[in-house]
Amino acid sequence: MSSWTELAADSPDFAVAGRRLFTGSDGTAIGFLATSRDGASHIAPVCPIFSDDDVYVSASASSPKVRDMRMTCRYALHAFLGSNDEEFQIAGSATEVTRPAERAAVHEAIPFAAFNREDPIFRLDIERALWVFWERAGQPDTQAVRRRWSAPRAR
């Protein structure tokens with residue numbers, strides 16, 4: 001598993017594309033978090049939080065995504081589609097953050113006040129990433145370019 005900073009060091013173009021696609025013009029990141037539990041899949045919009053070396057999500061303790069991440073620890077986070085349907089996704093395992101210093105740093109990185117300070121926070125450890133963009137978009141010979149990245153320890 002890798003942090004966002006390790007992804008950026010290993011593949012800077014992936015990190016640049018990911019930040020661009022996750023982060024809107026107002027500086028707030030948004031994406032869709034997919035989790036599963038007991039054979040049921042869930043997808044929900046979330047605001048990824050980029051803090052120090054890592055990317056995090058926070059959600060109400062009663063939400064299905066928190067229950068799923070606590071039980072299975074697995075996630076996939078997909079950015080909104082970019083221009084010409086460009087895509088970006090990271091996946092791996094989620095670790096609940098309990099250390100007060102790390103929680104405080106994450107709260108400092110949140111660009112708006114919508115989060116409750118007691119809500120669970122999860123660090124998203126990255127196992128793999130997918131970046132899809134289109135060559136010759138809008139032309140008869142449009143072609144998808146699918147690039148995949150795997151954490152060095154997972155290769």
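**Salt bridges in a predicted model**

With a relative accessibility of 8%, Glu-86 counts as buried, a class that means under 20% relative accessible area, whereas exposed means over 50% and partly exposed lies in between (1.4 Å probe, protein chains only). This is a predicted model in which local features need pLDDT of at least 70 and side-chain atom pairs count only at pLDDT 80 or more, while totals for chains, interfaces and linings use all residues. Residues are numbered from 1 along each chain as its sequence is written, and side-chain values use heavy atoms, with hydrogens and water left out.

**Exercise 1.** Determine which parts of the chain the pair Glu-86 and Arg-20 links.

*Solution.* The two side chains meet in a salt bridge at 2.8 Å, N to O, the term requiring a side-chain nitrogen of Lys or Arg within 4 Å of a carboxyl oxygen of Asp or Glu. Glu-86 sits in the loop between β5 (74-79) and β6 (87-96), and Arg-20 in helix α2 (residues 12-22), 66 residues apart; helices (H or I, at least four residues) and strands (E, at least two) are DSSP runs, numbered from the N terminus. Arg-20, at 43% relative accessibility, counts as partly exposed.

**Exercise 2.** Classify Asp-38 as buried or exposed.

*Solution.* Asp-38 has a relative accessible area of 66% and is therefore exposed. Its salt-bridge partner is Arg-37, with the closest N and O atoms 3.7 Å apart, and Arg-37 is buried at 17% relative accessibility.
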